[in-house]
Amino acid sequence: VQLQAFGGGLVQAGGSLRLSCAASGRTFSSYAMGWFRQAPGKEREFVAAISWSGGTTYYADSVKGRFTISRDNAKNTVYLQMNSLKPEDTAVYYCAAGALVTRYSTNYNYWGQGTQVTVSS
């Protein structure tokens, strides 16, 4: 599976962005998908994850209630809708695919290249 994330950009605090992650391959619907982020000088951290069916989702406490993960298996795409953005959300955001829906990056086998999100105060 090859993944390509896009949709990042510069937004003011309180604004919204929607990230997309397009996957190649016919097996996309069999993978759980996750979003992770890495801010400068910090370790990569979990943001959100969704099961292959979309029936199970997990969120980091820091984004719960503000971000929504979803997927469209017909379009081989997973989304991350980000609302009420804060400066601390500034990071490179990565999408990932794996066998299990989990918060742990080690369980994801395939990674996209990342897209930059910058939130100004």
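Predicted model: local features only at pLDDT ≥ 70, side-chain atom pairs only at ≥ 80, totals over all residues.

Me: What makes S20 buried?

Reply: Buried means under 20% relative accessible area. S20 comes out at 8%, so it gets the label. It lies in strand β3, residues 17–23. Leaving aside neighbours within four places in sequence, S20 is in contact with Q4, A5, F6, W35, T77, V78 and Y79.

Me: How do you know that C21 and C95 form a disulfide?

Reply: The cut-off for the two cysteine sulfur atoms is 2.5 Å. In C21 and C95 they are 2.1 Å apart, within that limit. The structure holds 1 disulfide. This pair links distant parts of the chain: C21 belongs to strand β3 and C95 to strand β9 (residues 91–98), 74 residues apart. Both C21 and C95 are buried.

Me: And why is the disulfide of C21 and C95 called right-handed?

Reply: That comes from the torsion about the S-S bond, which is about 60°, so the disulfide is right-handed.

Me: Why do β1 and β7 count as standing at the edges?

Reply: Start with the strand order: the open sheet has 4 strands, arranged β1-β3-β8-β7 with antiparallel pairing. β1 (3–6) and β7 (67–72) each have a single partner strand, so one side of each is left without a neighbour in the sheet. The twist averages 15° from one strand to the next.

Me: What makes β3 and β8 a pair?

Reply: Pairing takes at least two bridges between the strands. β3 and strand β8 (residues 77–82) have 6, in the antiparallel sense, which means that they qualify. Within this pairing, R18 stands opposite Q81 in β8.

Me: Now the rings. Why is the pair of F36 and F46 called edge-to-face?

Reply: There are two tests here: the centres must lie within 6.5 Å, and the planes must be over 60 degrees apart. By the pairing rule the count comes to 5 aromatic pairs. For F36 and F46 the centres are 5.7 Å apart and the planes stand at 70°, so edge-to-face it is. F36 lies in strand β4 (residues 32–38) and F46 in strand β5 (residues 45–50), so the pair ties together parts that are 10 residues apart in sequence.

Me: How do you know that F36 and F46 are buried?

Reply: The limit is again under 20%. F36 has 1% relative accessibility, so it counts as buried. F46 has 10%, so it counts as buried too.

Me: What makes F36 and Y108 edge-to-face?

Reply: Their ring centres are 5.3 Å apart and their planes are at 75°, so the pair is edge-to-face. It links distant parts of the chain, with F36 in strand β4 and Y108 in strand β10 (residues 108–111), 72 residues apart. Y108 has a relative accessibility of 4%, so it counts as buried. One aromatic cluster is formed by F36, F46, Y108 and W111.

Technical notes
Residues numbered from 1 in each chain as written. Heavy atoms only, no water. Helix = DSSP H or I, 4+ residues; strand = E, 2+ residues; numbered from the N terminus. Buried < 20%, exposed > 50% of the residue type's maximum accessible area, 1.4 Å probe, protein only. Contact = heavy atoms within 4.5 Å. Axes fitted to C-alpha atoms, helices over the stretch in contact; angles between N-to-C directions. Phe/Tyr/Trp six-rings, centres within 6.5 Å; stacked < 30°, edge-to-face > 60°.
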